[in-house]
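Let's take a quick tour of this protein model.

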Amino acid sequence: MAKQILRINMTNLEATYEPLPEKWARWAGRGLTSAVLVDEVDPTCHPLGPNNKLVMAPGWVSGSPAAPSSGRTSFGAKSPLTGGIKEANSGGLSSQKIAKLGLAAIILEGMPQKGKWYEIFINKDGVKFEDASELMGKGMYEIDELMWAKYENKPAVIGVGPVGERKLSNAGISVNDPENSPGRYAGRGGLGAVMGARGVKVMIVDDKGGPGVELVNKELYTEGRKKVAAAMGEHALTKVDGGLWSFGTNVLMNIINEAGGLPTRNFSAGQFEGAAKISGEAVAENIETRGGVGKVHHACHPGCIMQCSSIYPNEDGSKFVSVIEYETSWALGANCGIDDLEYIAQATWECNDIGLDTIEAGNAIAIAMDGGHLEFGDTKGALKLFDEIRDGTPLGRVLGQGVEATAKAFGVYRVPTVKGQSMPAYEPRAIKGIGVTYATTVMGADHTAGYTIAPEIAGVGGKVDPLDNTDKGDLSLTFQAATAFIDSTGYCLFIAFPILDIPEGWAGMAESVAGVTGLDITGDNVIEIGKEILKMERLFNEAAGFTPADDRLPEFMRDEALPPHNVKWDMEDAVLDKVFAWVHD
Amino acid sequence: MALIRITLTLYGPLAKFAGGKYIVQKTVELEAGATIRDLMDRFEIPYDQKSYLFINNILSDMPGLSASLDEVLSNNARVGIFSLQHMYPYQYRDGLPMSENLTKTLKERSGGAVHNTY
């Protein structure tokens, strides 16, 4: 059965199935969300208005039999946080279930009558709309429980918390995990506000009886996915008992801190004296000591073999929260001067429930602290801010809009944003290469926009010297292109670690995609395909009004030296301007 | 012989060499002129079990390399040593201050700076 597009119009509550058009047939995941937005969304539209759309697309291999760690769903829209094109992807149950229903994408468009909210149920028989007024105001923990109690077959639950209902710019989209908890978020860029603006509180996807994913070349697919799985099983970071398995992504906390690149107290220092207490090592010690339902490794979606997630228990062994990622522990912890892991667990739970991106939320609290509203390190005061956001008080609404709005409210000059989106946990003054990616990616400051792919593996060997600062632009472009491709596959971006060091894994990724789709994709043209996606996105942003002046890091990073290395951002603008100059060739 | 004081932090499974579980920090007295090799020998840490190594926040070694073993330590130096379980993807260390020895080692080896080595 050929793949279809499910178009859900919230103005007239109509759902239509369309054959996947030829122009989109070669895309999936991020490539498809961006292609739909380019074709159907006016770049100058208001992100919360009737002309924006929310596109959800599983990757090429999602839902294919035994594809390892391939449960990523891409969510795309014009972002209310950045004003540009946005793709944020999530683990959880949604990707494989959407794919197994034979859907290439779900396009959510239009706006219902004012004040109307809906619960949407999708299965093999079609789409049902129900009034959601009884669900309004509820957090995602309760929503997930209610939906599994109401519907059979343990469906995917895609929803927004109170922040999304209020259409605030730091609203994420929650996807439930295999244990039916929230915590898997398409977090960045305020896409939850776009879903809220369509009047959708929650969407349930049940794939039982669906047609499944068709394989054009089963032999090639199988060969490819086995190579990817073998590389993941072999590599020190992704294998069983490897770094991600043992400590999760928070294995980075101590190492970035030793490097002097850990943004601390609203990006005023590069080292935090309490980093060890909130690191992956500390999380693992607590999990092992407390026992109970705690797990140091946990799959965020079925079929993940890396299992970098964890379940953090209370002291009595009962479930507290999943998952304390590196970015989460940093944003809510180090960047707020907080070294209390129990606070971080609680704040993570609040973000999961209310529907906030943890990076933007932690950064906004740090801004409020820098602006004198609270002292750095004040955990009680910080928890009250989550109450303000949940309750929708004026202060809570400001915080829920993210860092730039909060900085204006508190008169703060040290504003760590690019294109309106706040920076993640890597200080670009110390780690200069990532600053080039923060500055130039269309997504706003984003640590996942440029994952390392060795130039020679990517087929561009010999063109760049990683140790030469003048080549940082070329290197960032290669990384961004590879990332755009991986974000389209449905594979978790962390497959980049093994396929960087093990060339068979890189080839296997391309072969598995080619086997599913029949497209002419090999390891040699991955970067070119990734660049096609980047070009679409870049031109969308230009049409939305972005110029090279938006590809800059904030002024304070050129003015303030960052301890302990006492470095400033000194990258020449010409390096940044070169990264995307080719889109007009 | 004059003594120097070093603050050593061992991360992950290496912590067991100094009595910890996953993190341990110790103040260590060594003879002046001591090197990273001397420091690791003191705790009987096998050289092939260290990965990323920092001296005073400068990245000085990587997994599979031995760029730091002969670095001479100064009084009050801070040394952090990570295990082979630790990850530090290139994009998160691209442009970071590195020691001269590590920079030289990376330039000389095939695969350059981007690959992890195990």
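**The big picture**

Chain A has 585 residues, and its radius of gyration of 22 Å agrees with the value near 25 Å that a compact globule would have (taken over C-alpha atoms; the globule rule is 2.2 Å times the number of residues to the power 0.38). This is a predicted model, where local features need pLDDT of at least 70, side-chain atom pairs count only at pLDDT 80 or more, and totals for chains, interfaces and linings use all residues. Residues are numbered from 1 along each chain as its sequence is written, while chains are lettered from A and ligands numbered from 1 in the order in which they are written.

**Overall build**

- Chain A contains 22 helices and 17 strands (DSSP runs numbered from the N terminus: H or I of at least four residues for helices, E of at least two for strands).
- Its C-alpha trace spans about 60 × 60 × 50 Å along the principal axes.
- In chain A, 63% of the 585 residues count as buried (20 or more other C-beta atoms within 10 Å of the residue's own, with C-beta atoms placed from the backbone).

**Cis peptide bonds**

- One joins A:S322 to A:V323, with omega near 20 degrees, and A:V323 sits in the loop between β15 and α10.
- Another links A:P563 and A:P564, with omega about 10 degrees; A:P564 is in the loop between α21 and α22.

**Positive phi without glycine**

- A:F267 has a phi of about 60 degrees and lies in the loop between α8 and α9. It counts as buried because it has 25 C-beta neighbours inside 10 Å.
- A:K419 has a phi of about 50 degrees, in the loop between β16 and β17. A:K419 is buried too, with 26 other C-beta atoms within 10 Å.

Notes: A residue is buried if 20 or more other C-beta atoms lie within 10 Å of its own, exposed if 12 or fewer, and partly exposed in between; C-beta atoms are placed from the backbone.
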